Each structure stands twice: as C-alpha cells, then as structure tokens.
Amino acid sequence: MSRIGKAPIALPKGVEVKIANGLVSVKGAKGELSQKIDTDINVAVEGENVVVTRPTDQKRHRALHGLYRALIANMVKGVSEGYKTEQELVGVGYRASNKGQLLELSLGYSHNVTFELPKEVKVTTTSEKGQNPKVILECADKQLIGMVAAKIRSLRKPEPYKGKGIKFVGETLRRKAGKSASKK
C-alpha cells in the first residue's frame, strides 16, 4: 500500500465532497474545485473522511493511488484554508502595482510588463520604504497559484551574481563570486 494513498483525508467543518461519474467536487468557504479521477481508482466518503483505494498492485494503480489522494487533499485544504504565495522584486527601480486582475511590473526593461491574472487568483502588491516590493497571490487552487507564480517569476529570474530579479519570500539563492574574486 502507498503510504500517501492509504492515509484518509479528514474533512474540516463546512467542506463537502461529491463524487459522480469519475468527477470529485469539493466545496467549501473559499470556493469550489473539481478533479477528474481515473476509472480504476475508487474514492469514497466515509463519515468525516475521504478514502482513496486501488483495485490491484499494478505499477500504474500504485502511482495513481498516491497522486489522486494528494490532489484531493490539496483541494480540501484549498477550499477550507486557501493557498498564499509571496514574491519579492529585488533590484533598483523594480516596482509592482495592480489594478484589479492586471499586474503591472517594472523590471528594468525598457517597458513595463503587464500580466493579466486568472479571475480565481487574488493579487495584492505592497511597497514599503526600505523594503523590496512584494506581490502576494491568494487562491484556492494549488496548481493554478503555483503556475501563475512560476510565470511571474519567469519574467525576470534571479541572477546568481547580485541576486536581482523576482524571487519567492524565504527562497535562498545560490550566489556566485564575480570574476574579481578569482584573480588572487
């Protein structure tokens, strides 16, 4: 048995799970999410828990067992608590502002970069004196918020010499010594 797959998913108060035609729908305070499930994998609601089981020990079934259990657990956490990522813009003159779902970034290019976010993602930007500007994303869908955060980061990845670029808060970057460090 998969260690991840056999663990039941506890349902917090206010979260309801519906299973129909290979589609698992999870509804909670932060929204509603659904995930299509493979026909071989069985998902059942038993009291206050969701249990995922597999029919055989085939390699494919073992792989899907843990995958779908993790996806359903992420949906349950997303609709009850939600997910949040914070990114900071490190660099002189780097700025971030938002108007609704439109994020405008000044990243040292000759033009400002505008990025339209999906309607499910809530964005806020902060700019405090003496600190780097921050972009804060909130969403119920873990996959979507991760994809959006990766896309924003790809607009200006942190470079290894000075560390300038868009990085996640708390991320440690591998720094390189410049060419002057090797001339001793």
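**Stop one: a charged pair**

Start by selecting Asp57 and Arg54: they form a salt bridge, with the closest N and O atoms 2.7 Å apart. Keep in mind that you are looking at a predicted model. Asp57 is exposed, with a relative accessible area of 52%, whereas Arg54 counts as buried at 11% relative accessibility.

**Stop two: across the chain**

A search of the whole structure finds nine salt bridges. For another one, show the side chains of Arg60 and Asp40, which meet at 2.8 Å, N to O. This pair links distant parts of the chain: Arg60 sits in helix α2 and Asp40 in the loop between β4 (31-36) and β5 (42-46), 20 residues apart. Arg60 is partly exposed at 42% relative accessible area, and Asp40 is partly exposed at 28%.

**Stop three: an arginine without a salt bridge**

Stay in helix α2 (residues 59-80) and pick Arg69. Arg69 is buried yet has no salt bridge; Glu81, the nearest side chain of opposite charge, is 12 Å away. What does a polar atom of the Arg69 side chain find 3.0 Å away? Look for the backbone oxygen of Ala7. Other contacts of Arg69 include Ile4, Pro8 and Val52.

**Stop four: helix α3**

Now select residues 142-154, helix α3. Colour its buried residues: Leu144, Ile145, Val148, Ala149, Ile152 and Arg153. Look down the axis of α3: these buried residues fall within an arc of 165°, so they line one face of the helix. Covering them are elements including β7 (83-90) and β12 (134-139). Finish at Asp141, which caps the N-terminal end of α3, a side-chain oxygen lying 3.2 Å from the backbone nitrogen of Gln143.

Key
Residues numbered from 1 in each chain as written. Predicted model: local features only at pLDDT ≥ 70, side-chain atom pairs only at ≥ 80, totals over all residues. Heavy atoms only, no water. Helix = DSSP H or I, 4+ residues; strand = E, 2+ residues; numbered from the N terminus. Expected span 1.5 Å × (residues − 1). Buried < 20%, exposed > 50% of the residue type's maximum accessible area, 1.4 Å probe, protein only. Arc of directions from axis to C-beta. Contact = heavy atoms within 4.5 Å. Polar contact = N/O pair within 3.5 Å; in protein donor to acceptor, adjacent residues only side chain to side chain. Lys, Arg positive; Asp, Glu negative; His and termini not counted. Salt bridge = Lys/Arg side-chain N within 4 Å of Asp/Glu carboxyl O. Lists of a residue's contacts leave out its neighbours within four places in sequence.
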